[in-house]
Each structure stands twice: as structure tokens, then as C-alpha cells.
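Trainee: Could we go through this model together, one piece at a time? I'd like to see how you read it.

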Amino acid sequence: MLTGCRNLSRTFLFLTYGRVCTRRSFISQTSLCSSTSAVSSILLTQSSPTKSHSFFPLHPTVHFSPTRCLSRSVLSPSLMELKEVLQVLEQLAPLSLAESWDNVGLLVEPSKSRPVKTILLTNDLTDAVMEEAENMSCDLIISYHPPLFQPIKRLVQKDWKQRLAIRAVESGMAVFSPHTSWDSVKGGVNDWLIGGLGSGQVSVLNQALGGASHSHKLEFTVRSVEQLNQVMDELKACDSGTTLQHSVSRHDSSGIHVSLTCSDSALTPSVQTLLRHSASSQSLSILKLEKPPLPGHGPGRLSVLGEPVTVATAVQKMKSHLGLSHLRLALGVGHTQDTSVSTVAVCAGSGASVLNGVRADLYITGEMSHHEVLDAVAKGTSVLLSDHSNSERGFLAVFREKLAVRLPDSVNVAVSKADRDPLEVV
């Protein structure tokens, strides 16, 4: 019966898809129609857009609801709450991928809940962008750079960033910043940036690691099942049983051998508990667990180009990709503009710390200090600089498309027209 319904709904969907749902190709589970229907949702794997580097979430399978699309013409568009939009943003680029020093996530939250109807994307939240957001009656500003970074002891009008936060609160606007989570995620800012030179074999410069909740493994022995139960009850009592997982590896003449995994916070109370029991204290060993790598995620990218280009061609390609008329170029020792470029390393923003020591024909980033450029040039690497935010801003239009297809038609996603790099060539 279920299979028949799925086949029927799939046929009906394809017949009506082009006419009814031209704006959306698929939508996320967070925006499924809430009305009851006998037609089941169809699971589809997210298809790759025409861009050479797709912006995929960590879990690319999404739910598509034909019921929702078909009912859109007769029912009012569904509304999304802020928390639902935040869930979509987290699916696109988990905040766990951000650098530890960064300040990402929801920075300003309105006191009164209201549906999110207008989202404004910007690279930086400035007075001009805030005025634009106010004129749009914006509900959520997604600012790539966090407008609030350092701890704030007071909210006053003297500081321009605090003024922006106050205006957001007074207007009931939420402010969210993804920053380095967008840099790190597969298909994010850095994949977009390196895609400007064409296809190639792309690898991550600094591999991101998974946020494993269990960081330590404790191995010990108990003499009996009764003692095992007693020890585990004590462990759960001191840690509420939320971060402990255990397994019995073997049972022999020496006793029952137990493996226990726990988080950093649970390590000390767990060890103290085990030391109170003679058998477990004598056999206790503690192992540090490494976090698993997340392939394709992490800061910076290195590309071995499928078709090498000259330095001059690389400059022209990046001008076109970034929408700029001027870039700054430092030729590596022995390089001319006709030198062939086969390997390119990129890092959006200020990339010297990520690019340092990477062997490549060309570095592309927003900014590097004078001495950092000299170091690269001396090692035979040419450097191409666009100024900080110019290496990031073009991704906003890409992200807008990725976000819009995951939200209902009731949400308008716009890219700021007032946002621009503070520096310009004069």
C-alpha cells in the first residue's frame, strides 16, 4: 500500500512539478507542510547544481513533500520561526566547524517571537547595512563576520558595533554569524574561492575534526557481575548517566574486563569512582581518544589544476570571479606573468596563518602583511590579494541560492546592496 502511494505521488509530482513548483527544486524537512495527507513524503538525494564546487550539508539527504507544493496554490504559505531557520543554517554549515576563537551563531535574539519573512545576507554589518535592513523590515540578518566579537560590559551609543546591536534589538531583528564555519565546510567560502580558477584536484589545507562527545577511554577489571553493576551505578550517579558508555570486552578467570568511554567533564569523577574499588583501581588504564577527521572540511584549500594557467590568466580569472577591476600581485622569485601555475592555495579573508609553509605556485587570499608576502615570494610563490572581504563577499549570492531552496516561499532571502569592502583603489 505504501509503495503504491509513493509511486502514485511520484508520478503526480513529476506531472505537476514544472507548473506548480517552479521556484523550488527541493525543501528541507523543517519546512514540510503540517496538514494531514495520505501521500507520503519522498526522500530524494540533493542534486548538485551547476557550480564546480557544491555547497552541501553534512547530511545531504532532504525530505521533499509533494503535498506542500501542491497545496501552495490554495493555502497560505507556511511561516517559519527563527529556531527553524537556525536549524536549516546549522544543517548547511554546522557551527562545530568554526574555529575555537571565533564567535559564531545567534548573536542577537529578539525578546518577542515572530515569523521570519525577510532575511538579509551581508559580509559585514555596518550602519549602511542596518539602515537597509530596517527599510526592508528585516527579521534576520546573517552577517558573515560577527558584529559582536569581544565581550561587552555595557550597551552604549559611543561604540558603533554596540549601536548596531541596540538598533537590532529595538527593531526586533535577530543577528546570526557563521564566519569560520562557512570557511571550513565542504562547498563553502574556500571551495567557492578556489573554483574561480577552474576545476582541479582539491584538498583541505587543515583537516577539520569531528566533535566527538567521548574523548577518553577507561579500561578496568571487576571481579563479578555484582561488582560491575555497583561500579556502573556509582559512575552514573556522579555523572547523571549522560556521557558514559561502557561495554564488556571479555569475561575470564581474572575477572570481567570493561571498557568505558566518557567526556572531558566526566573523566575526573569517573576515575575517582574507579579508584575507590580495589580491583578496578589496580587494573585501570586511561586512553585519549582522537577526534575523527571530517573529509572535505577544514580551513583553506589546495588545488592541483586540471589545466594549468599562466599567472596573467589566473589574475584575469580571479578578477572575473570576484567581480573586481583590480587585484594586487606579488610575483614569486623566478616568476613572470607568463609563468605556468599548476598548484594554487587559497584562504578567504586573512590567510597567512593557514597558507604559511604550503608549497604552491600561487597563493590567493584577501590580505597578508608586507613581511608575509616577502616570505612567500622568496620561496618562489606568487601572491594574489583582493583585500579582506572581497575574497568572501561573492559567496553570499551562492549561499542565498542554497538557503532559499530550503525555505518556504514565505521567506524572502536577499543579499545586501549596501555591503562593500571599506577599501577601494583610488
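**Sheets, site and rings**

Mentor: Let's start with a five-strand open sheet of mixed pairing, ordered β3-β6-β5-β4-β17. Strands here are DSSP E runs of at least two residues, helices are H or I runs of at least four, both numbered from the N terminus, and two strands pair if DSSP finds at least two bridges between them. This is a predicted model, where local features need pLDDT of at least 70, side-chain atom pairs count only at pLDDT 80 or more, and totals for chains, interfaces and linings use all residues. Residues are numbered from 1 along each chain as its sequence is written, and side-chain values use heavy atoms, leaving out hydrogens and water.

Trainee: Which residues does the UniProt "binding site" annotation cover, and what is the largest C-alpha distance among them?

Mentor: The unreviewed UniProt entry lists H145, D183, H388 and E392; positions are in the numbering used here, feature names are shortened, and annotations may be inferred rather than shown by experiment. They are spread over 248 residues of sequence but cluster in space, with a largest C-alpha distance of 13.4 Å.

Trainee: Is E392 buried or exposed?

Mentor: E392 lies in the loop between β16 and α14. Buried means under 20% relative accessible area, exposed over 50%, and partly exposed in between, using a 1.4 Å probe and protein chains only. At 3%, E392 is buried.

Trainee: Which side chain makes a polar contact with the side chain of H388?

Mentor: H388 is partly exposed, at 25%, and its contacts beyond four places in sequence include H145, G349 and E367. A polar contact is a pair of N or O atoms within 3.5 Å; within protein, one must be able to donate a hydrogen and the other to accept it, and residues adjacent in sequence count only if both atoms are side-chain atoms. At 2.6 Å, the partner is E367.

Trainee: Last one: why is the ring pair of W182 and F399 called tilted?

Mentor: Rings of Phe, Tyr and Trp (its six-membered ring) pair if their centres lie within 6.5 Å; planes under 30 degrees apart are stacked, over 60 edge-to-face, and the rest tilted. W182 is buried at 3%, and F399 is buried at 0%. Their ring centres are 4.2 Å apart, and the pair is tilted because the planes stand at 45°.

How values were computed: Contact means heavy atoms within 4.5 Å.
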